[in-house]
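Please open the structure in your viewer and follow the stops below, selecting the named residues at each one.

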Amino acid sequence: MNKNEFLEELRKGLSGLPQDDIEERLTFYSEMIDDRMEEGLSQEEAVAEIGSVKDIVSQIMSEIPLSRIVKEKVKPKRALRAWEIVLLALGSPIWISLLIAALAIVFSVYVVLWSVIICLWAAGLGIAGGSLGGILSAVIFTIQGNFLQGAAVLGATLVCAGIFILWFFICQQTLKGILLLTKKLALGFKYLFVGKEKE
C-alpha cells in the first residue's frame, strides 16, 4: 500500500469524527511516512512499518473524548424550522424521560460491574485476614501446649493462604477484564455515535 492509499483509507476510517481531528491525524501520519522515507525506506515499507489502518483508527477513536464528538455532532447543520421546534417541545416529556431511563440503565450496569470487583476484593481481604488470625491462633495454641490444635489451625491457615493467593489472581484478572470491557464499551459508544452520523 502506498502513501496516498494509506491516507485515503485512514480518511475513510475516521469519517464521522470532527474534521479538525481528521486533518490533524492525516497530516501527522503523512509526515511520519515522509520521515521514514527520508531514512531510506521505500513508500510501501514506510507505510507497512506504521501499522494497519484498523489499529490506528481504533487508537485515534480511543484518544478522542466522547464529549468532543458529541459536541461536534450536536451542532445543527441548519437552523430548525418552527414546526420542528414545536415537535421537540411537545415530545420532550417522552424523549427526555426515555433518555434519562437509558442513562440510568447504563449507569447501573457500570455500578454493578464495579460492585462485583469491590465484593471480590473484600472477600479476598477477608480470607487474608482469616489467614493472619489463623497464624496467631496457631502460635497461641502452641504456646499453651495444645500442639495438636495448633497444627490443625496452622493447616487450615495454610489452606486459607493458598485460597487467598488463588483469589488474588482471580480478582486481578477480573479487574483487568472489567477495565478492558469498560474501555471497549466506551469505544463502542463512540463508533455507534460516529457510525450513525456517517449514514
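Rings of Phe, Tyr and Trp (its six-membered ring) are paired here if their centres lie within 6.5 Å, with planes under 30 degrees apart counted as stacked, over 60 as edge-to-face and the rest as tilted. What you are viewing is a predicted model, in which local features need pLDDT of at least 70 and side-chain atom pairs count only at pLDDT 80 or more, while totals for chains, interfaces and linings use all residues. Residues are numbered from 1 along each chain as its sequence is written, and side-chain values use heavy atoms, with hydrogens and water left out.

Helices here are DSSP runs (H or I, at least four residues), numbered from the N terminus. W121 has 29% relative accessibility and therefore counts as partly exposed, and F168, at 33%, also counts as partly exposed; buried means under 20% relative accessible area, exposed over 50%, and partly exposed in between (1.4 Å probe, protein chains only).

The structure holds six aromatic pairs. For another of them, select F28 and Y29, whose rings are edge-to-face at 5.0 Å centre to centre, with 85° between the planes. F28 is partly exposed at 45% relative accessibility, whereas Y29 is buried at 8%.

Next, show helix α2 (residues 19-38) together with helix α3 (residues 43-50), which pack at an angle of about 125° with their axes 9 Å apart. That angle makes α2 oblique to α3, a class that takes whatever is left when angles under 35 degrees count as roughly parallel, over 145 as roughly antiparallel and 65 to 115 as roughly perpendicular. Axes are lines fitted to C-alpha atoms, for helices over the stretch in contact, and angles run from 0 to 180 degrees between N-to-C directions.

To see where these helices meet, select Y29, M32, I33, R36 and M37 in α2 with Q43, A46, V47, E49 and I50 in α3; contact means heavy atoms within 4.5 Å.

Finish at R36, in helix α2. Leaving aside its neighbours within four places in sequence, R36 is in contact with L41, A46, E49 and I50. From C-alpha to C-alpha, R36 and V47 are 8.7 Å apart in space, and 11 residues apart in sequence.

Key
Helices (H or I, at least four residues) and strands (E, at least two) are DSSP runs, numbered from the N terminus.
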